[in-house]
Amino acid sequence: MPTQTLTQQNFDEVIGGNDVVLVDFWASWCGPCRNFAPTFEASAEQHPDVVHAKVDTEAEQGLAAAANIRSIPTIMAFREGILVFSQPGALPPAALEDLVTQVQALDMDKVREQVAAAQE
């Protein structure tokens with residue numbers, strides 16, 4: 001499955017409407033972003049059940065600011081609409097594969113409990 005482009009208009013819908021979403025925050029002028037793109041695309045092909053989405057931080061500066069992006073590329077993982085991973089830097093293929101596996105294996109009841117506890 002090809003990657004999706006996220007914008008301010010469709011971000012919440014895509015994140016909230018899918019079980020697992022990986023988001024790559026990138027920019028065309030960023031060398032590490034360009035180097036990471038084939039790895040991200042390959043992961044999208046290997047995992048059609050996981051939405052792989054990209055945010056162009058130049059075109060979507062408001063979205064990048066709202067996501068508190070300070071360095072690119074930054075990879076975020078959402079499960080059932082909850083941010084469960086965020087890390088700047090390009091991941092090697094094995095690390096990205098491990099991330100997908102870990103996000104899919106999360107016990108979301110525990111995650112929701114932890115989120116509720118943190119909000120109290």
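**Strand S4, its partners, and two local features**

Phe25 stands opposite Thr74 of strand S4 in this structure, which is a predicted model. The strand that pairs with S4 in this region is S2 (residues 20-26), and the two run antiparallel, joined by 6 bridges. A further antiparallel pairing, again over 6 bridges, links S4 to strand S5 (residues 82-88), and within that pairing Phe78 has Leu83 of S5 as its bridge partner. S4 and S5 together form a hairpin in which 2 residues lie between the strands, and Glu80 in this turn has a positive phi of about 50°.

Strand S4 itself, which covers residues 74-79, is mostly covered, with 6 of its 6 residues buried. In a regular strand the side chains alternate between the two faces of the sheet.

The structure holds 1 disulfide, which joins Cys30 to Cys33 at an S to S distance of 2.4 Å. The link between Cys30 and Cys33 is right-handed, with 75° about the S-S bond, and both Cys30 and Cys33 are buried.

At the start of H5, the backbone nitrogen of Asp109 is approached to within 3.1 Å by a side-chain oxygen of Asp107.

Terms used: Residues numbered from 1 in each chain as written. Predicted model: local features only at pLDDT ≥ 70, side-chain atom pairs only at ≥ 80, totals over all residues. Heavy atoms only, no water. Polar contact = N/O pair within 3.5 Å; in protein donor to acceptor, adjacent residues only side chain to side chain. Helix = DSSP H or I, 4+ residues; strand = E, 2+ residues; numbered from the N terminus. Disulfide = S-S within 2.5 Å. Buried < 20%, exposed > 50% of the residue type's maximum accessible area, 1.4 Å probe, protein only. Pairing = 2+ DSSP bridges.
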